[in-house]
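Here is a short briefing on one protein model. Please look over the sequence and the fold before reading on.

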Amino acid sequence: MTSVEERRPRALFAGASRRWVRLLPWGVAFVLCVALLPTTIIVLTADYGLNGGVASALAVAQAAPLLLAVVRPLQAWYVVFAADLAGALALLTVDFPDRLLWPFPPMEIVGYVGLCLALGLRERRRTLLLVWLATAAANVTLGFFAPHGSGARELLLTILGGATLLLAGALRERSEVQRRLAEQETISEAERGRRTLLEERARIARELHDVVAHHMSVITVQADTAEYRLDRLPQDVREEFTTIAATARESLGEMRRLLGVLRNEDAHGELVPQPGLAQIGQLVEATSRTGGPVEFTPCEAEVPEAVGLSAYRIVQEALANVVRHAPGAATHVSLSVSRSDEDRGGERDEDRGGERDEDRGGERLTVLVVNEPPPEPPAAPLEASGTGHGLVGMRERVRLVGGTLDAGPLPAGGFRVAAQLPLTEKDFT
């Protein structure tokens with residue numbers, strides 16, 4: 001069904017957003033048809049002396065297809081071109097004054113130019129060239145049979161038709177280029193967003209390598225030393241610990257190989273210890289020295305390493321956005337631990353498809369970064385174009401630990417970033 005609809009010809013300007021533009025070709029075709037039909041009959045009978053019946057048939061064949069040209073201009077051209085040739089031959093059978101134009105009277109030229117306009121807006125360049133060559137060949141050939149001699153005015157149809165085809169074709173190609181550029185920009189924007197997301201996920205995976213590797217190393221050491229730390233272990237238990245240690249070492253090797261795949265030449269500083277809650281104070285202090293006053297409410301709670309790393313990166317991205325877009329604005333950063341049933345449990349989590357927090361028990365770390373409007377609107381952002389990693393990175397880090405994120409502008413100005421990160425193992429599932 002879809003393929004049939006795709007093959008069905010569409011009217012000129014059918015894809016226009018405005019209704020009057022879509023109706024414009026039909027209006028022009030209707031006006032030409034209504035104006036040329038009686039005019040052709042009157043001129044051919046009264047001025048050229050052609051028989052009324054023949055003049056009427058020629059008028060219908062030359063004017064009516066202009067309505068078809070809105071949808072099928074090439075098929076309409078076949079009919080009109082044949083009718084114009086037939087009209088030129090019919091005029092050879094009558095005696096008309098030499099002041100009158102032949103082989104194509106003025107009303108035929110007007111209709112043909114309108115038809116060429118429709119052709120140029122629809123057909124390809126090769127088709128337009130063939131149409132013009134056919135018109136020129138017919139015009140020149142008929143010139144050899146001119147009853148009153150041939151001149152430059154007899155080539156008026158070829159000249160005007162060619163100019164119209166050229167102009168309309170150029171307009172169509174320009175419109176096509178603009179449409180393709182718009183489509184390419186849309187595709188490029190989607191690809192850019194997808195690339196940003198993948199890069200951020202790879203960066204998160206590299207950073208979490210140290211966290212997971214630390215836990216795996218602890219498992220390996222505990223399993224290897226169990227037989228020395230614990231007395232009277234049965235042989236089967238010792239073998240089990242040995243198997244656990246071997247599996248942990250193998251997992252560490254696989255993780256290192258995976259990290260090698262995620263690593264790239266632009267990644268630096270990945271061997272340093274990953275930051276956590278303890279380093280957020282240093283981050284806030286550095287920002288307050290360069291970006292504006294920052295008030296900090298710390299939290300001394302023990303949190304999982306992945307949660308601490310995610311909290312640090314969220315605060316880092318939020319403060320970076322303040323420096324970029326609201327330099328000098330007063331900012332408040334707070335960290336707190338609370339139970340989810342005491343927070344806004346009924347709010348929807350846009351990053352988890354609408355799952356409610358009240359359905360997830362346990363403690364959560366709340367990360368809140370709020371900045372006021374800047375004292376003076378910045379003349380221009382500090383960075384002409386951002387990397388696009390800011391909110392994308394925040395969402396991915398929140399999603400990683402199964403938390404929620406609420407980020408957006410405030411009614412009175414400024415911006416607010418609020419993230420809730422679960423601390424209990426149950427909330428990670």
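Which residue takes a positive phi just after H12? Gly402 does, with phi at about 75°. This is a predicted model, so local features need pLDDT of at least 70, side-chain atom pairs count only at pLDDT 80 or more, and totals for chains, interfaces and linings use all residues. Residues are numbered from 1 along each chain as its sequence is written, and side-chain values use heavy atoms, with hydrogens and water left out. Helices (H or I, at least four residues) and strands (E, at least two) are DSSP runs, numbered from the N terminus.

**The sheet**

- An open sheet is built from 5 strands, in the order E1-E2-E3-E5-E4. Its pairing is mixed. Two strands count as paired if DSSP finds at least two bridges between them.
- The edges are held by E1 (294-297) and E4 (404-409). Each has a single partner strand, so one side of each is left without a neighbour in the sheet.
- From one strand to the next, the twist averages 10°. Axes here are lines fitted to C-alpha atoms, for helices over the stretch in contact, and angles run from 0 to 180 degrees between N-to-C directions.
- E3 (residues 363-371) pairs with E5 (residues 415-422) over 8 bridges, in the antiparallel sense. Val370 has Arg416 in E5 as its bridge partner.
- E4 and E5 are also antiparallel, over 6 bridges. Asp406 faces Ala418 of E5 across this pairing.
- E4 and E5 make a hairpin, with 5 residues between the two strands. Gly413 lies in the turn and has a positive phi of about 105°.

**Helix H12**

- H12 spans residues 390-400. Its buried residues (under 20% relative accessible area; exposed is over 50%, partly exposed in between, with a 1.4 Å probe and protein chains only) are Gly390, Gly393, Met394, Glu396, Arg397 and Val398.
- In general, an α-helix has 3.6 residues a turn, so residues three or four places apart point the same way.

**The cavity**

- The structure holds 1 cavity of 30 Å³ or more. A cavity is a set of points, on a 1 Å grid over the protein atoms alone, where a 1.4 Å probe fits but cannot get out.
- The largest cavity has a volume of about 50 Å³. That volume is the space filled by probe spheres set on the points, with grid points joined across faces, edges and corners.
- Lining residues have an atom within 4 Å of a point. For the largest cavity they are Leu36, Thr40, Gln62, Ala63, Val80, Asp84, Met107, Glu108, Gly111 and Tyr112.
- Helices H2 (19-47), H3 (52-63), H5 (73-91) and H6 (106-122) each give two or more residues to this lining. H6 supplies the largest share, 4 residues.
- By class, the lining has 5 nonpolar, 3 polar and 2 charged residues. Ala, Val, Leu, Ile, Met, Phe, Trp, Tyr, Cys and Pro count as nonpolar, Asp, Glu, Lys and Arg as charged, and the others, Gly among them, as polar.
- Asp84, one of the lining residues, sits in H5. Asp84 counts as buried because its relative accessibility is 2%.
- Asp84 and Pro105 are 21 residues apart along the chain, with 9.3 Å between their C-alpha atoms.

**Loops and backbone**

- The peptide bond between Trp102 and Pro103 is cis, with omega at about 15°. Pro103 belongs to the loop between H5 and H6.
- Phe13 has phi near 65°, a positive value in a residue other than glycine. Phe13 lies in the loop between H1 (2-7) and H2 and is partly exposed at 37% relative accessibility.
- Pro327 lies in the loop between H11 (305-325) and E2 (331-339). Pro327 is partly exposed, at 29% relative accessibility.
- Pro327 and Pro375 are 48 residues apart in sequence, and their C-alpha atoms are 8.2 Å apart in space.

**Helix H10**

- Gly281 is in H10 (residues 280-290) and is partly exposed at 25% relative accessibility.
- Gly281 and Tyr312 are 31 residues apart in sequence but 9.7 Å apart in space, C-alpha to C-alpha.

**Cysteines**

- There are 0 disulfides in the structure. A disulfide is a pair of cysteine sulfur atoms within 2.5 Å.
- Cys33 is buried at 12% relative accessibility. Cys116 is buried too, with a relative accessible area of 1%.

Conventions: 1 Å grid on protein atoms, 1.4 Å probe; cavity = no way out; pocket = protein on both sides within 12 Å on 5 of 7 lines; lining within 4 Å.
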